[in-house]
Amino acid sequence: MSQATPAARRKARRFTLQALYQWQLAGASVTDIEAQFLANNDFAKTDREYFHDLLHGVPGQVKALDELLTPFLDRRVEELSQVEKAILRMGAFELKERLDVPYRVVINEGIELAKVFGAEESFKYVNGVLDKLARKLRYEEASERPSRGE
């Protein structure tokens, strides 16, 4: 049974980040990494279905996701830290494919992951890139929010 609570999704994203990090570094099969994570971690309060979707979706679209991110980066994708790269790819996938998840949730979750796993200031970078990407991919939703100063 899928647990779609915010806390269960948050845990799914955390595990996905760690699994994507491993995939990026080791290049192992996503299926093998998924099996390892399911065997070695407590998924009792985790949205396993969401974990599966993100873990298989990001590598399956990695070239397209990198192309979506590129206009908003200040360096090449290859020059990003492994943590930033995994967070940004996951955020891009969610913004593009998971329209059921509000763009603000995607951005906030990326920021929180960057605060825990990223370099000291990387959360600001993640925020800026995902915010700009959200304005492109979710124009209608992102333009509904009032601009600063209103």
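**Figure 1. Arg-98, a residue in the loop between helix H5 (82–97) and helix H6 (103–117).** This is a predicted model, in which local features need pLDDT of at least 70 and side-chain atom pairs count only at pLDDT 80 or more, while totals for chains, interfaces and linings use all residues. Residues are numbered from 1 along each chain as its sequence is written, and side-chain values use heavy atoms, with hydrogens and water left out. Helices (H or I, at least four residues) and strands (E, at least two) are DSSP runs, numbered from the N terminus. Arg-98 is buried, with a relative accessible area of 15%, where buried means under 20% relative accessible area, exposed means over 50%, and partly exposed lies in between (1.4 Å probe, protein chains only). When its neighbours within four places in sequence are left aside, Arg-98 is in contact with Arg-9, Tyr-50, Asp-53, Phe-93 and Arg-138, contact being defined as heavy atoms within 4.5 Å.

**Figure 2. The packing of helix H1 (residues 6–26) against helix H3 (residues 48–60).** The two helices pack at an angle of about 35°, and their axes are 9 Å apart; here axes are lines fitted to C-alpha atoms, for helices over the stretch in contact, and angles run from 0 to 180 degrees between N-to-C directions. On the side of H1 the contact is made by Arg-9, Ala-12, Arg-13, Phe-15, Thr-16, Ala-19, Leu-20 and Trp-23, and on the side of H3 by Tyr-50, Phe-51, Leu-54, Leu-55, Val-58 and Pro-59. Sorted by class, this contact has 11 nonpolar, 1 polar and 2 charged residues, where Ala, Val, Leu, Ile, Met, Phe, Trp, Tyr, Cys and Pro count as nonpolar, Asp, Glu, Lys and Arg as charged, and the others, Gly among them, as polar.

**Figure 3. Pro-59, a residue of helix H3.** Pro-59 is buried, with a relative accessible area of 16%. Leaving aside neighbours within four places in sequence, Pro-59 is in contact with Leu-20, Trp-23, Val-30 and Leu-54, and among these Leu-20 and Trp-23 belong to the H1 side of the contact between H1 and H3. The C-alpha atoms of Pro-59 and Leu-88, which are 29 residues apart along the chain, are separated by 13 Å.

**Figure 4. Tyr-21 and Ala-7, two residues of helix H1.** Tyr-21 is partly exposed, with a relative accessible area of 35%, and Ala-7 is also partly exposed, with a value of 45%. Not counting residues up to four places away in sequence, Tyr-21 touches Gln-82, Val-83 and Ala-86. The C-alpha atoms of Tyr-21 and Lys-85 are separated by 8.4 Å, although the two residues are 64 residues apart along the chain. For Ala-7 and Asp-47, which are 40 residues apart in sequence, the distance in space is 8.7 Å, C-alpha to C-alpha.

**Figure 5. Leu-133, a residue of helix H7 (residues 122–137).** Leu-133 is buried, with a relative accessible area of 0%. Not counting residues up to four places away in sequence, Leu-133 touches Leu-68, Leu-69, Phe-72, Ala-92, Leu-95 and Arg-138. The C-alpha atoms of Leu-133 and Gln-24, 109 residues apart along the chain, are separated by 22 Å.

Figure 6. Along its principal axes the C-alpha trace spans about 50 × 35 × 30 Å. Of the 150 residues of the chain, 43% count as buried. Among contacts with a separation of 6 or more, 73% are accounted for by residues 24 or more positions apart. The accessible surface of the chain comes to about 8,200 Å², of which 51% belongs to carbon and sulfur atoms; accessible areas come from the Shrake-Rupley method with a 1.4 Å probe, and for residues only the protein chains shown count as cover.
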